[in-house]
Amino acid sequence: MIIIPHETVFQNLEWHYFENKIQLPLEFIVIDDGDAFISTRLVHENNKKGKLVNGLLKFTLESELVDVEQLLLDTDVVVIAKLLTTENQIKNSLDNLEIKGWVKASNRIESYPVQLVSIEEEIFSRIRGLYETDVLNNKTVLFIGLGSGGSFEVMELVKAGVGNFILVDHDRIEVVNVIRHTCGLSDLGRFKTKAIRDRILDKNPFAKIETYEQKCTEEWLPTLKELVKRADLVFCSTDNRDSRVLVNRACVLENRVCIYGGTFERAYGGTVLRVIPHQTMCYQCFIDILPDVAENYEISSQEQADAIAYADRPVAVEPGLATDIASIALMSAKLGILELLRGTETTLATLYEDLSSSWFQWLNRRELGTQYADLQPLDSGDDGLRILAWYGIDNEKNPACPVCGDFLGKYRQIGISTEFTPEQLAAFGTDE
């Protein structure tokens, strides 16, 4: 199969007909031992991993004779676009063309079928009807943390039609990552941001992407707030509480919805928290009200284990299966798509009623040593809590939350007079 852009043929067809420009050089990537020749114009620069060969697109009239063998003396692929009409009006249709292709392989010439593809028209054709994909094409989503869960969420948003991405992560792809990550061994040593950028462009070459190889620290808060302000939605999939607390502050201050996804230890389950500033509990409320749940998360790196280890008791690295992580990441992505579509016409609208909670929990298995070990099996017919089911839970905001509540008012209410520094007041979202 020879695959070339629809536009390459029809834009140059006009030139040929009116200006007699009869040949156009092309470049192809060869894959699967010569089974497919893909125009490099269809492949993002950093994903051109196959062998490169030269080709030629030649326009002819129906009455002209073409010596394909002679053309293949100086190139590897020849595509002939034979014009079947001499009308002055040339339509953007295959009805006016006969297109054939040939490849030079092992000193012989083989005929190959030619496929014309139009990426802009076809790439999201399978999801049109659910919603207008142009709605998401103009949206900007900020992703902070591109590990196993975050990388999955990014790719789901790409496939949904989101067109603008801001990617933040300071880590590089390591061997231990690839068995669960969207990226593979071919990305070893690369920043996760750069590797995911190329994965996005391989799905949608028209996407606009910014990358920041940066840790979320207090010093970086001013930049983080600017990125949050520019985004329509934020995903936080970092693996430590400090960064999540910081992202929460920025999102509440800038009034941006943020979705926090995370798995429990060994990924026996997980939670997704959707924070709508000033409407739902924020992440700070979550860890204040439910400290045990917020503390229970997968330890997937030695750095993370060392950070929380007791001096006399090391903490083991206990990661879970990719399939278990994907369950939580998929819910995060679905909630994100719904947030981006809010206020538009969509056949997904019934989900706003089904997924109205701020906090969702999922269990992958009845993990021994946890409060869920004695649940009835999935097929027991029991109506209680069970595995492989989502549970939406509504929790009230903490009225004295230092991020989204009236923290200073609560102090005054109980008669405590405390002076705060300007930095502390900023952290509370006030300058009182």
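1. T280 sits in the loop that joins strand 14 (269-275) to helix 9 (283-289); helices (H or I, at least four residues) and strands (E, at least two) are DSSP runs, numbered from the N terminus. This is a predicted model, where local features need pLDDT of at least 70, side-chain atom pairs count only at pLDDT 80 or more, and totals for chains, interfaces and linings use all residues. Residues are numbered from 1 along each chain as its sequence is written, and side-chain values use heavy atoms, with hydrogens and water left out.

2. T280 counts as buried because its relative accessibility is 16% (buried is under 20% relative accessible area, exposed over 50%, partly exposed in between; 1.4 Å probe, protein chains only). The T280 side chain reaches the backbone nitrogen of I276 at 2.9 Å. Beyond neighbours within four places in sequence, T280 is in contact (heavy atoms within 4.5 Å) with R274, V275, S358 and K397.

3. Helix 12 (residues 322-341) has 20 residues and should span 28 Å at 1.5 Å a residue, which agrees with end C-alpha atoms 28 Å apart; the expected span is 1.5 Å times one less than the number of residues. Of its 20 residues, 15 are buried, so helix 12 is largely enclosed by the rest of the structure. Just after helix 12, G343 has a positive phi of about 90°.

Technical notes. A polar contact is a pair of N or O atoms within 3.5 Å; within protein, one must be able to donate a hydrogen and the other to accept it, and residues adjacent in sequence count only if both atoms are side-chain atoms.
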